[in-house]
Amino acid sequence: MNYLLPLEWTRTFIPLQDRCPVSSYQAIEQMFIEDTGQPIASHFDDFSRDPIGAASLAQVHLATMKDTGAKVAVKVQHPALKEWVPLDLALTRFTFATLRYFFPEYDLEWLSDEMELSLPQELDFALEGKNALETKRHFDTIKGSPLVVPDVHWGLKRILVMEYIAGHRTDDLAYLDSHNIDRDEVSAALARIFNEMIFGDTPLHCDPHGGNLAILHNDLRRPYNFDIILYDHGLYRAIPTKTKRDYAKLWLAVINADEQEMRKYAREVAGISEKQFPLFASAITGRDYRAVATSVVSTRSEEEKEVISGAMGEGMLQQLVQLLGQVPRIILLILKTNDLTRNLDESLQTRAGPVRNFLILARYCSRTVFQEQLESVRSRGSVLWPQNMLRLFAAWVSYVRVEAKLSLYEWYLFIRRIARLSPLASI
């Protein structure tokens with residue numbers, strides 16, 4: 001919730017993405033012997049003693065495969081987690097239960113429930129390897145997608161050996177500019193990747209943050225000149241079809257500033273009451289509610305940022321905690337993904353502002369709703385029946401109208417970018 005929580009809070013947690021304390025080489029060596037029956041040297045000709053990155057659950061070492069000579073990244077779980085995780089989960093549950101007992105308005109027990117469900121999956125690196133390969137296969141079928149998922153050589157529960165592909169953080173503006181990588185195209189590509197995971201036929205990557213993404217200059221790729229690398233595939237969730245469709249209708253209502261429809265689908269998607277709606281609208285859009293009710297695609301002003309941060313100290317935090325405890329877990333994970341794409345778009349300082357990403361979102365939403373309408377027509381019998389042909393034609397016209405508007409506006413934005421005009425304030 002980078003857009004709702006104070007900047008000082010969110011900045012404090014950034015080092016947890018890739019700069020955590022490391023486990024010793026000796027501890028890693030012992031874990032290799034326990035899990036594979038052989039020391040590190042039996043698997044690799046070279047293995048860096050110091051990790052290139054360390055997060056809260058694992059660290060990554062560079063190595064060279066003994067049989068092929070391939071340069072690989074070896075992700076190893078912190079060995080101490082084996083004994084400490086059960087205790088950590090128990091303490092987390094006890095802490096949140098105690099907090100709720102003394103401060104009922106701050107109920108965070110849902111967070112410990114989510115940890116108990118998610119953590120075992122994140123600690124299974126064999127499952128992570130499977131998730132990575134499935135995601136790689138899906139995006140390889142999408143023509144022109146710049147997403148790169150490192151290939152998996154082999155994986156066990158605590159050890160994962162992957163193709164080594166290094167890059168720079170996606171918000172490294174100096175790197176982007178020095179390699180003539182268009183920031184607007186990076187932002188748009190990220191929006192397409194994660195909207196595909198929300199609305200497409202692939203599970204959602206549930207741990208998107210700056211430490212799990214990288215960008216690499218690639219002159220051979222078309223239509224882009226860059227690759228976007230996605231790491232850490234330990235946690236994925238499949239989004240139910242009804243949730244996708246209701247969420248798409250919610251966003252179309254938001255983009256059209258149709259408050260009545262917004263409230264309707266906020267209730268359908270997350271059980272949001274009339275009283276909770278303004279806060280929920282701010283949570284999903286990262287905007288002040290007054291902007292949501294007028295034009296959510298306008299650029300956030302400094303005044304609006306201060307208003308949101310100030311509201312956190314005026315009782316919004318308590319309401320936010322209560323809201324997050326009520327919302328279905330899958331919606332929270334979707335909100336986390338939306339928050340990432342918005343935050344990256346803002347940090348990239350794109351020329352188009354947030355407008356283009358909202359257009360990309362609108363396109364995915366309109367396709368999702370159209371697919372539902374097609375299924376509805378087919379469920380009523382043959383599409384050749386006169387009534388069904390009329391319904392099909394009406395659905396097609398509605399879809400084409402939205403697609404045409406989006407295409408025309410994207411061309412307009414393209415011309416503005418070529419002319420290097422300033423970002424649009426709104427549409």
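Mentor: Start with contacts: two residues are in contact when heavy atoms lie within 4.5 Å. Among contacts in the protein between residues at least 6 apart in sequence, 67% join residues at least 24 apart. This is a predicted model, in which local features need pLDDT of at least 70 and side-chain atom pairs count only at pLDDT 80 or more, while totals for chains, interfaces and linings use all residues. Residues are numbered from 1 along each chain as its sequence is written, and side-chain values use heavy atoms, with hydrogens and water left out.

Trainee: What pLDDT does the protein average?

Mentor: pLDDT is the predictor's confidence in each residue, from 0 to 100. The average here is 85, and 87% of the residues score at least 70.

Trainee: Which element has the lowest mean pLDDT, and which the highest?

Mentor: Elements are DSSP runs numbered from the N terminus: helices are H or I, at least four residues, and strands are E, at least two. Helix 1 (residues 7-13) has the lowest mean, 51; strand 7 (residues 159-163) has the highest, 98. Over residues 1-5 the pLDDT is below 50, yet this stretch has 24 contacts in the model beyond near neighbours in sequence. Where pLDDT is low, the predicted coordinates should not be read in detail.

Trainee: How many helices and strands does the protein have?

Mentor: There are 15 helices and eleven strands.

Trainee: How many aromatic pairs are there?

Mentor: A pair of aromatic rings is described by the distance of the centres and the angle of the planes. Rings of Phe, Tyr and Trp (its six-membered ring) pair if their centres lie within 6.5 Å; planes under 30 degrees apart are stacked, over 60 edge-to-face, and the rest tilted. The count is eleven. Take Phe-32 and Phe-47: their centres are 6.1 Å apart and their planes at 80°, so this pair is edge-to-face. It links distant parts of the chain, with Phe-32 in helix 2 (residues 25-36) and Phe-47 in strand 1 (residues 44-47), 15 residues apart. Ring pairs join Tyr-25, Phe-32, Phe-44 and Phe-47 into a cluster.

Trainee: Are Phe-32 and Phe-47 buried or exposed?

Mentor: Buried means under 20% relative accessible area, exposed over 50%, partly exposed in between (1.4 Å probe, protein chains only). Both Phe-32 and Phe-47 are buried. Across the 427 residues of the protein, buried ones make up 49%.

Trainee: Which charged end sits over the ring of Tyr-25?

Mentor: The test is NZ of Lys or CZ of Arg within 6 Å of the ring centre and within 35 degrees of the ring normal. Arg-49 meets it over Tyr-25, 4.0 Å from the ring centre.

Trainee: What is the strand order of the open sheet of three strands?

Mentor: Two strands pair if DSSP finds at least two bridges between them. The order is 5-10-9, with mixed pairing. Strand 5 (147-148) and strand 9 (213-217) stand at the edges with a single partner strand each, so one side of each has no neighbour in the sheet. Strand 5 runs parallel to strand 10 (residues 226-230), joined by two bridges. Leu-147 has Ile-228 as its bridge partner in strand 10.
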